[in-house]
Amino acid sequence: MRSLIALARIARLLAHLLHGMAVMALRFPSLDEAGRQARIGWWSAGVLRALGVGLRASGVPRPGATLLLANHVSWLDIAAIHAVVPKARFVSKADVLRWPLLGWLIRGAGTLFIERERKRDALRVVHRMAEALKGGQTVAIFPEGTTSDGRRLLP
């Protein structure tokens with residue numbers, strides 16, 4: 001029975017991923033920023049629903065320029081944060097651009113990418129983050145730069 005539930009969730013997730021790609025390709029170019037953010041929030045919440053993950057949030061996102069910092073326990077963190085704060089622009093390692101299907105979606109969501117192998121690239125990304133914040137945007141980062149168990153901070 002558990003295997004059937006897992007297969008059903010994977011099928012729902014794949015269907016939702018394909019739907020997100022269609023929205024990105026066909027609707028995003030004609031949407032304004034608010035419309036894009038609404039789609040990002042809806043899609044991210046749908047990822048969680050497809051996997052049977054509940055989300056409970058309290059409070060409302062702060063208006064205006066915001067730097068959002070969080071521990072990174074799993075890739076679901078991104079979906080959860082985007083479901084609550086769809087305007088957030090994440091900073092991510094550039095490697096994700098090579099991920100099949102997802103790299104394209106991640107770029108389309110306004111993610112800022114850092115080439116972690118190039119130490120000087122951090123300065124470029126800091127300047128991009130500063131520009132985004134000066135423009136009143138929300139930038140989300142995982143300061144540890146990787147996933148952890150969430151119980152302790154990594155260096």
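Colleague: Which residues of α2 are buried?
Modeller: G35, I40, G41, S44, G46, V47, L48 and A50. Each of them meets the rule: buried is under 20% relative accessible area, exposed is over 50%, and partly exposed lies in between (1.4 Å probe, protein chains only). This is a predicted model: local features need pLDDT of at least 70, side-chain atom pairs count only at pLDDT 80 or more, and totals for chains, interfaces and linings use all residues. Residues are numbered from 1 along each chain as its sequence is written, and side-chain values use heavy atoms, leaving out hydrogens and water.

Colleague: What covers the buried residues of α2?
Modeller: The cover includes α1 and α3 (76-84). Contact here means heavy atoms within 4.5 Å.

Colleague: How does the reach of α2 compare with the span expected?
Modeller: Helix α2 (residues 33-50) has 18 residues and reaches 25 Å from first C-alpha to last. The expected span is 1.5 Å times one less than the number of residues. After α2 comes G52, with a positive phi near 75°.

Colleague: What is the order of the four strands in the open sheet?
Modeller: The order is β1-β4-β2-β3, with parallel pairing. The edge strands are β1 (66-69) and β3 (112-114), since each pairs on one side only. Neighbouring strands are turned by 25° against each other on average, direction ignored.

Colleague: How do you know that β2 and β4 pair?
Modeller: Two strands pair if DSSP finds at least two bridges between them. Strand β2 (residues 88-93) and strand β4 (residues 138-141) have three, in the parallel sense. So they qualify as a pair. One partner in β4 is T138, bridged to A88.

Colleague: Where does α5 lie?
Modeller: Helix α5 (residues 121-134) lies across β1, β2, β3 and β4, and runs at about 165° to β3.

Colleague: What makes the buried residues of α5 lie on the same side?
Modeller: The buried residues are D121, V125, M129 and A132. They cover an arc of only 80° around the axis, which puts them on the same side of α5. The arc is taken from the directions from the helix axis to the C-beta atoms. On the other side, E131 and K134 are exposed. Just after α5, G136 has a positive phi of about 85°.

Colleague: Why do R124 and D121 count as a salt bridge?
Modeller: The rule asks for a side-chain nitrogen of Lys or Arg within 4 Å of a carboxyl oxygen of Asp or Glu. In R124 and D121, the closest N and O atoms are 2.5 Å apart, so the pair qualifies. The two are three residues apart in α5, about one helical turn. R124 is partly exposed at 35%, whereas D121 is buried at 2%.

Colleague: How many salt bridges are there by this rule?
Modeller: Two. R98 also forms one with D95, where the closest N and O atoms are 3.2 Å apart. R98 counts as exposed because its relative accessibility is 64%. D95 has 28%, so D95 is partly exposed.

Technical notes
Axes fitted to C-alpha atoms, helices over the stretch in contact; angles between N-to-C directions.
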